[in-house]
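Subject: Structure for your review

Dear colleague,

Please find below the structure that I am handing over to you.

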Amino acid sequence: MARKLYELQGRADKRFSPYCWRARMALWHKGLEADFIPVQFGQKHKISFSGQKLVPVLQEDDGRVIHDSWAIACYLEDAYADGPSLFAGASGRAGARFFNGWVDRTVHPAMIRLLLSDIHDSAIVDADQSYFRTSRENRFGMTLEEFTDPSESRIAAFREALEPVRYALEDTPYLAGPAPLYADYILFGSFKWMKLCCTLVLLAEDDPIYNWYER
């Protein structure tokens, strides 16, 4: 059985989940091949074998199952220790864990305020739009349109929230140093999510983060 990564699929085969991109990049970093299996919101039966309802899910060729992007990264680091390291040691893993939490709890909430309506309109397949709208409106207590705020002030606040990233990139081309490691893939997945779901220009071309993303 080939290794499989189950990941979120949207309109026109957009694989737009930031967490799935983290897992994809971790596999790439380790030099591991996988079949990428699309899962739409209405197809959670595809991952029922994992005992939960969220992607990414990694199914190894021996049948072993790992879910959650952080757990997948740690598993790949430990199971394939002879390959390139995702963390460059225990201290790097601890730093990446902190950064993982910061992106999830600081960057993503700011980003979702800018993107939510666009995700619904441009990334979600027709069959899943009703579920997406209802579930998100219940979560946030307002309509998608009321929640989404792509105003200049909101964009400016989002850019300001990223200032620690610019500081980290002052002396090195990547967050992890001279070459990318898992910390880079964490934030890369977030900007891949943004790029696939909306047309807002959130980073100027002279922004160090823009240049980092392009690298």
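The notes below describe the overall fold, then the pockets, and then some individual residues.

Please bear in mind throughout that this is a predicted model.

Overall fold

The protein chain contains nine helices and four strands. Read from the N terminus, its elements follow the order β-α-β-β-β-α-α-α-α-α-α-α-α. The radius of gyration is 17 Å, close to the 17 Å that the globule rule gives for 215 residues, so the chain is as compact as a globular protein of that length. Along the principal axes, the C-alpha atoms occupy a box of roughly 50 × 45 × 25 Å.

Of the 215 residues, 48% count as buried. The chain exposes about 10,500 Å², and carbon and sulfur atoms account for 53% of that area. When contacts between residues at least 6 apart in sequence are considered, 66% of them join residues at least 24 apart.

Rolling a probe the size of a water molecule over the atoms shows where empty space is left. The largest pocket has a volume of about 800 Å³. It is lined by 30 residues, and those closest to its centre are Ser17, Tyr19, Leu54, Arg136 and Arg139. Sorted by class, the lining of the largest pocket holds 18 nonpolar, six polar and six charged residues.

The second largest pocket has a volume of about 320 Å³. Its lining is made up of 17 residues, with Gly95, Ala96, Phe99, Leu175 and Ala183 nearest the centre. Here the elements that give two or more residues are α3, α7 (163-168) and α8 (182-197). The largest share of this lining, seven residues, again comes from α3. The residues that line the second largest pocket comprise 14 nonpolar, three polar and no charged.

Helix α2

The buried residues are Ser69, Trp70, Ile72, Ala73, Cys74, Tyr75, Leu76 and Glu77. Their cover includes β1, α1, β3, β4, α3 and α8.

Backbone features

Most residues other than glycine have a negative phi, and most peptide bonds are trans. Several places in this model depart from that pattern and may be worth a look.

Which residues does a cis peptide bond join? The bond lies between Val55 and Pro56, and its omega is about 10°. Pro56 is located in the loop between β2 (35-39) and β3 (57-59).

Asp13 is not a glycine, yet its phi is positive, near 60°. This residue sits in the loop between β1 (4-8) and α1. Is Asp13 buried or partly exposed? A residue counts as buried under 20% relative accessible area and as exposed over 50%. Asp13 has a relative accessibility of 40%, so it counts as partly exposed.

Asp68 likewise has a positive phi, of about 85°, although it is not a glycine. With a relative accessible area of 41%, Asp68 is partly exposed.

Lys4 in strand β1

Lys4 is placed in strand β1. Because its relative accessible area is 18%, Lys4 counts as buried. Which residues does Lys4 contact, leaving aside its neighbours within four places in sequence? The contacts are Asp35, Ile37, Val57, Leu58 and Gln59. The C-alpha atoms of Lys4 and Asp126 are separated by 26 Å, and these two residues are 122 residues apart along the chain.

I hope that these notes are of use as you begin your own reading of the structure.

With kind regards

Notes
Residues are numbered from 1 along each chain as its sequence is written. This is a predicted model: local features need pLDDT of at least 70, side-chain atom pairs count only at pLDDT 80 or more; totals for chains, interfaces and linings use all residues. Side-chain values use heavy atoms; hydrogens and water are left out. On a 1 Å grid over the protein atoms alone, a cavity is a set of points where a 1.4 Å probe fits but cannot get out, and a pocket is an open set with protein on both sides within 12 Å along at least five of seven lines; lining residues have an atom within 4 Å of a point. Grid points are joined across faces, edges and corners, and a volume is the space filled by probe spheres set on the points. Ala, Val, Leu, Ile, Met, Phe, Trp, Tyr, Cys and Pro count as nonpolar, Asp, Glu, Lys and Arg as charged, and the others, Gly among them, as polar. The radius of gyration is taken over C-alpha atoms; the globule rule is 2.2 Å times the number of residues to the power 0.38. Buried means under 20% relative accessible area, exposed over 50%, partly exposed in between (1.4 Å probe, protein chains only). Contact means heavy atoms within 4.5 Å. Accessible areas come from the Shrake-Rupley method with a 1.4 Å probe; for residues, only the protein chains shown count as cover.
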